[in-house]
Amino acid sequence: MKAENLKTIVVIGAGAMGRQIAMNTALNGRGQGYRVILCDTYNAALETSEKWVIGYLDSRVEKGRLTRAEANLTSSNLILSEDVQWAAAQADFIIEAVVEDLEVKRRLFETISKLCRPDTILSTNSSNIVSSKLADVTTNPDRLLNVHYFNPALVMNLVELVKGPHTSDEAVETARQFAINTGKTPIVINKEIAGFIANRINAAVVHEALSLLEQGIASAADIDIACEKGLNYPMGPFRLMDLTGIDVNYLVRVDRYAESGDPFDAPNPLVIEKYRKGEFGKKTGKGWYDYSDGRK
Ligand SMILES: NC(=O)c1ccc[n+]([C@@H]2O[C@H](COP(=O)([O-])OP(=O)(O)OC[C@H]3O[C@@H](n4cnc5c(N)ncnc54)[C@H](O)[C@@H]3O)[C@@H](O)[C@H]2O)c1
């Protein structure tokens, strides 16, 4: 499937990521005439998404970023459906954004790859599951790859395209053009690797920051200031961990270490301590910083 022939884009999974990817495609791809179907097997997720779509477009119009006509066009091009199988049969390009569970994803790719056309591009937005873990259950896996957006997908510009050993150059090129057509900046990752690129680089920064703190070289706040004022990071690694969740850092590291056995991947002792105390960051009121007095 060539990029110029794409018309119907199906996003499966209307969670935090899926709904933003669908909106980004409908909004920024409206010049391409894309029709977007956002589907989910859980009706409550679709109801939440429907309210969110209306609220998001209204707020863009109120802020003067979109005309009412553009908002109406975007909304009429964005269809919500509970019928994943019907949607798959219409699709030229599928972006899967369901729960991060390998078995769920394998069952889904097995089903949808038989329902869609043989040249429909099939992609997963997974941060951790590379597409080769789905290739054996997918018919024509040459059109299968990771298309990895960042959270929040409407704001974050980067899309990582990860080529598996089964992925054709044509599928990568179509995904690359699709990302550009929807306002994103794609990069191509030529070989599958855990964490892809941006998250791996971030992990290395976090690893070093934690090691400096552990050695008593400087406080978490001063290490953050070094990154923010010396390196122009929008947010230092400790502040970012408090936002994304120290529990998430811990669980990702536990999984990665179990898979690789590489000590670099193991959770840092300071993170283990925070995890055991339930100090996960902003969501619990305390992490590397204290938010109990309502401070941001
Ligand atoms: N949240 C992030 O920061 C982030 C960033 C990049 C990539 N990702 C990836 O995006 C994917 C989705 O993450 P999320 O945070 O949006 O998850 P989420 O839990 O918010 O949403 C998942 C949605 O999938 C639906 N679902 C589950 N099984 C389904 C099925 N068989 N068919 C259709 N819908 C189904 C659920 O009802 C739910 O609405 C994951 O693979 C994750 O690795 C997440």
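Trainee: What rules apply to the model as a whole?

Mentor: This is a predicted model, so local features need pLDDT of at least 70 and side-chain atom pairs count only at pLDDT 80 or more, while totals for chains, interfaces and linings use all residues. Residues are numbered from 1 along each chain as its sequence is written, and side-chain values use heavy atoms, with hydrogens and water left out.

Trainee: Why is Phe196 called buried?

Mentor: Buried means under 20% relative accessible area, exposed means over 50%, and partly exposed lies in between (1.4 Å probe, protein chains only). Phe196 has 1% relative accessibility, so the residue counts as buried. Phe196 sits in the loop between E8 and helix H8 (198–214).

Trainee: What makes E1 and E4 a pair?

Mentor: Strands are DSSP runs of E with at least two residues; helices are runs of H or I with at least four, and both are numbered from the N terminus. Two strands pair if DSSP finds at least two bridges between them. Strand E1 (residues 8–12) and E4 have 4 bridges, in the parallel sense. Ile12 has Glu96 of E4 as its bridge partner. E4 is also joined to strand E5 (residues 121–124) by 4 bridges, again parallel.

Trainee: Which way do the side chains of E4 point?

Mentor: In strand E4 (residues 93–96), Phe93 and Ile95 point one way, Ile94 and Glu96 the other, and all are buried. In a regular strand the side chains alternate between the two faces of the sheet.

Trainee: How do you know that E7 is mostly covered?

Mentor: Of the 5 residues in strand E7 (residues 158–162), 4 are buried. E7 runs antiparallel to strand E6 (residues 144–149), with 4 bridges. E7 runs parallel to strand E8 (residues 185–189), with 5 bridges.

Trainee: Why is the contact of Glu70 and Arg30 called a salt bridge?

Mentor: A salt bridge needs a side-chain nitrogen of Lys or Arg within 4 Å of a carboxyl oxygen of Asp or Glu. Here the N to O distance is 3.3 Å, so the pair qualifies. Glu70 in helix H3 (residues 68–76) and Arg30 in the loop between helix H1 (16–28) and strand E2 (35–39) are 40 residues apart. By this rule the count comes to 17 salt bridges.

Trainee: What does the salt bridge of Asp136 and Arg106 tie together?

Mentor: Their closest N and O atoms are 2.8 Å apart. Asp136 lies in the loop between H6 and E6 and Arg106 in helix H5 (residues 102–115), so the pair ties together parts 30 residues apart in sequence. Asp136 is exposed, at 57%, while Arg106 is buried, at 18%.
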